[in-house]
Amino acid sequence: IEIDGVVWAPVNCGYHETDFKYGKLYQWGRKYGQGYSGKLYDINGDNVGKYSDSKIPELLDGPVSLSVAQSESNAGKFIYDTPRDWHIVTDDNLWNAGTEENPVKTEYDPCPKGWRVPTYIELVGLSQNYSEWTTNSDGMNGYWFSGSSSYSSNSPRVFFPAEGCLGDRNGNSSSRGLRGYYWSSMFSSYEAGCIRLYNDELFTSLYY
C-alpha cells in the first residue's frame with residue numbers, strides 16, 4: 001500500500017493466516033519474533049482467558065551477547081529482566097546500518113526479502129492523519145493511517161492492529177486489542193522511535 005512514496009505491508013512482520021494473524025512480537029533489534037503466551041492478561045494484569053493462537057515463548061535471562069540473541073536456535077526465546085537493553089553492549093544499528101534519510105537493511109532486520117523495518121521519520125509521516133479507534137473486517141481493533149492525506153475510507157491507507165506486547169520481566173502477553181507498539185529502525189541513547197497506540201489515544205515517541 002503506497003502512501004506518500006513509501007510502500008507499507010498490509011500485515012505485520014511474522015504474519016501467518018491462522019497462527020499469527022497479528023504478526024509476532026519483537027524485541028528491538030532482534031531478527032526473530034516470539035509468539036504469545038497461553039494466558040491472556042488485560043490492561044490491569046489480570047488473567048482473563050487464553051489466546052487461541054498461543055505459542056508460548058521460552059524465557060532467556062538477559063542481557064546476552066549478540067550471537068545468542070540472534071541465533072535461530074533461540075528464535076522462540078524472549079530475553080527478559082533486562083534494564084532497557086537485552087544486549088550486553090548497546091548497538092544503535094542493529095536494524096539500520098544507514099541513516100533516517102538513507103536506511104540500509106541489516107542481516108538482523110526481521111522483515112522478509114524486499115521489505116525492511118520503517119524509519120522513525122516514516123512512522124511519524126504515516127501517522128499525520130488516521131482514523132478513530134476502530135475494528136477492521138478481520139475483527140482486529142486499531143487505527144487506519146493515511147499519511148499526509150486527510151483520512152477517509154477512500155484514501156490510500158494501512159491498518160495497524162493493537163497486537164499487544166510481552167512483559168519485559170516475565171514474557172507474559174497482554175493487552176491485545178487494547179494497545180500496540182510499533183518499532184522503527186532508529187535507536188539512540190537507549191531509546192527507539194516508535195508509534196504507540198491505545199484505545200483512547202495515539203502518539204509517536206522515543207520509547208525504550
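Arg116 is partly exposed, with a relative accessible area of 31%; the term covers values between the buried class, under 20%, and the exposed class, over 50%, computed with a 1.4 Å probe on protein chains only. The model is predicted: local features require pLDDT of at least 70 and side-chain atom pairs pLDDT 80 or more, while totals for chains, interfaces and linings use all residues. Residues are numbered from 1 along each chain as its sequence is written, and side-chain values use heavy atoms, with hydrogens and water left out.

The structure holds 1 salt bridge, defined as a side-chain nitrogen of Lys or Arg within 4 Å of a carboxyl oxygen of Asp or Glu. Arg116 forms a salt bridge with Glu122, with 2.8 Å between the closest N and O atoms.

| Residue | Relative accessibility | Class |
|---|---|---|
| Glu122 | 16% | buried |
| Arg116 | 31% | partly exposed |
| Ser185 | 1% | buried |

Ser185 belongs to strand 12, residues 179-188; strands are DSSP runs of E, at least two residues, numbered from the N terminus. The side chain of Ser185 makes a polar contact of 3.5 Å with that of Asn96. Such a contact is a pair of N or O atoms within 3.5 Å; within protein, one must be able to donate a hydrogen and the other to accept it, and residues adjacent in sequence count only if both atoms are side-chain atoms. Beyond four places in sequence, Ser185 is in contact with residues including Trp28, Trp95 and Val117, contact meaning heavy atoms within 4.5 Å.

Strand 12 pairs with strand 13, residues 191-198, in the antiparallel sense over 7 bridges; pairing requires at least two DSSP bridges. Trp183 has Cys194 in strand 13 as its bridge partner.

Methods. Helices (H or I, at least four residues) and strands (E, at least two) are DSSP runs, numbered from the N terminus.
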